[in-house]
Amino acid sequence: MKLGKNKKNKKSKTTQSASMDPKAQLSPEELAALESGDDEVLRRYAERRIRANKKRQRKRKQQKIRRRALLVMILCLVGMNAVFGARYVNNLLKAGGTVLDGDVPIVTTARSQLGNYGGDKFWKWYGFDSHVDWCACFVSWCADQNGLIDKGKVPMSCYVPQQVNWFDDRGMYHEQGDGYKPKAGDIIFFDWEHDGSVDHVGIVASVFRGKVYTIEGNSGFTGKDEKKWKGICQRNGYDINSKDIYGYGLIEKGSGKK
């Protein structure tokens, strides 16, 4: 079978080559005149040979373009998989990328504070005279900048458990594992020890491919010296089913527990 195919391909190439030969386009009389050295026939033959060469060049160029287009398409498909893979997205968001952030005012405000170390502006705004754990102050400050505290959609609170209770009392809270799908702008709570006690709070910036991406104040502890570390405003990412997630406080009415 393979031998038959090779013969067929070889025959096809031979036929193609013959059709591209300018001599094949000459009549028997013209061929005879060509062999005799007739100037007019030589001129026509030269023109046909030039046209045949140009045709071959165009065909090669088109084939080259098609091959390049196919290569670009393959690279794009591979690249898209890499670009939209969870690892890339996580690195993008940690680096300050905004491609996936939800178009929500509180998220935009939180994003503008990325890189803030120590959180002075947030805990001082709340009324403290010295440094405190400021994750809840950060969330309240972001909410206040968008009028959400005055509208009664987010509490002004520096105490994370109090924030959870506030949302829960208003039917605007979902605990982790109850089937709720978070969205950009939700307030996200964490339980680092998995002991049923809430420890930390942030803002959901986006949800993508089973990951929740957040902006959090008083974050980024590396484990070197907890007493000296004052916290930074940074992005983080978690598996949507992570046990670190305690629950979500919802800003929009009608999306909480019934």
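This is a predicted model: local features need pLDDT of at least 70, side-chain atom pairs count only at pLDDT 80 or more; totals for chains, interfaces and linings use all residues.
Q: Which residues gather in a patch of positive charge on the surface?
A: One of them is Lys59, found in helix 3 (residues 39-83). Lys59 counts as partly exposed because its relative accessibility is 37%, and buried would mean under 20%. The whole patch of positive charge is Lys54, Lys55, Arg58, Lys59, Lys64, Arg66, Arg67 and Arg68.

Q: In what order do the elements of the protein run from the N terminus on?
A: Let's step back to the overall plan. The secondary structure comes to eight helices and six strands. Starting at the N terminus, the order is α-α-α-α-α-α-α-α-β-β-β-β-β-β.

Q: What percentage of the 258 residues in the protein is buried?
A: A residue counts as buried when its relative accessible area is under 20%. Asp186, at 2%, is one of the buried residues, and Ile251, at 9%, is another. Across the 258 residues, the buried share is 34%.

Q: Which residue forms a salt bridge with Lys153?
A: Side chains of opposite charge can pair when their charged atoms come close. The structure holds two salt bridges. In the one with Lys153, the closest N and O atoms are 3.9 Å apart, and the partner is Glu252.

Q: How many residues apart in sequence are the parts that Lys153 and Glu252 tie together?
A: Lys153 forms a salt bridge with Glu252. Lys153 lies in the loop between helix 7 (135-145) and helix 8 (160-169), while Glu252 lies in the segment after strand 6 (245-249), so the pair ties together parts whose separation in sequence is 99 residues.

Q: Is Asp186 buried or exposed?
A: The side chains of Asp186 and Lys183 meet in a salt bridge, at 3.4 Å from N to O. Lys183 is partly exposed, with a relative accessible area of 33%. Asp186 has a relative accessibility of 2%, and therefore counts as buried.

Q: Leaving aside its neighbours within four places in sequence, which residues is Ile251 in contact with?
A: Ile251 lies in the segment after strand 6, and counts as buried because its relative accessibility is 9%. The C-alpha atoms of Ile251 and Tyr173, 78 residues apart along the chain, are separated by 9.3 Å. With its neighbours within four places set aside, the contacts of Ile251 are Ile106, Leu148, Lys153, Val154, Met172, Gly185 and Ile187.

Q: How far apart in space are His174 and Leu250, C-alpha to C-alpha?
A: His174 has its place in strand 1 (residues 173-175) and counts as buried, at 11% relative accessibility. His174 and Leu250 are 76 residues apart in sequence, and in space their C-alpha separation is 7.9 Å.

Q: What percentage of the contacts with a separation of 6 or more comes from residues 24 or more positions apart?
A: Ile251 gives an example of contacts beyond its neighbours in sequence, including one with Ile106. Over the protein, among contacts with a separation of 6 or more, residues 24 or more positions apart account for 59%.

Methods. Residues are numbered from 1 along each chain as its sequence is written. Side-chain values use heavy atoms; hydrogens and water are left out. Patches are made of residues with over 30% relative accessible area and no salt bridge: like charges are joined within 9 Å, nonpolar side chains (Val, Leu, Ile, Met, Phe, Trp, Tyr) within 5 Å. Accessible areas come from the Shrake-Rupley method with a 1.4 Å probe; for residues, only the protein chains shown count as cover. A salt bridge is a side-chain nitrogen of Lys or Arg within 4 Å of a carboxyl oxygen of Asp or Glu. Lys and Arg count as positive and Asp and Glu as negative; His and the chain ends are not counted. The place of a charge is taken as NZ of Lys, CZ of Arg, CG of Asp or CD of Glu. Helices (H or I, at least four residues) and strands (E, at least two) are DSSP runs, numbered from the N terminus. Buried means under 20% relative accessible area, exposed over 50%, partly exposed in between (1.4 Å probe, protein chains only). Contact means heavy atoms within 4.5 Å.
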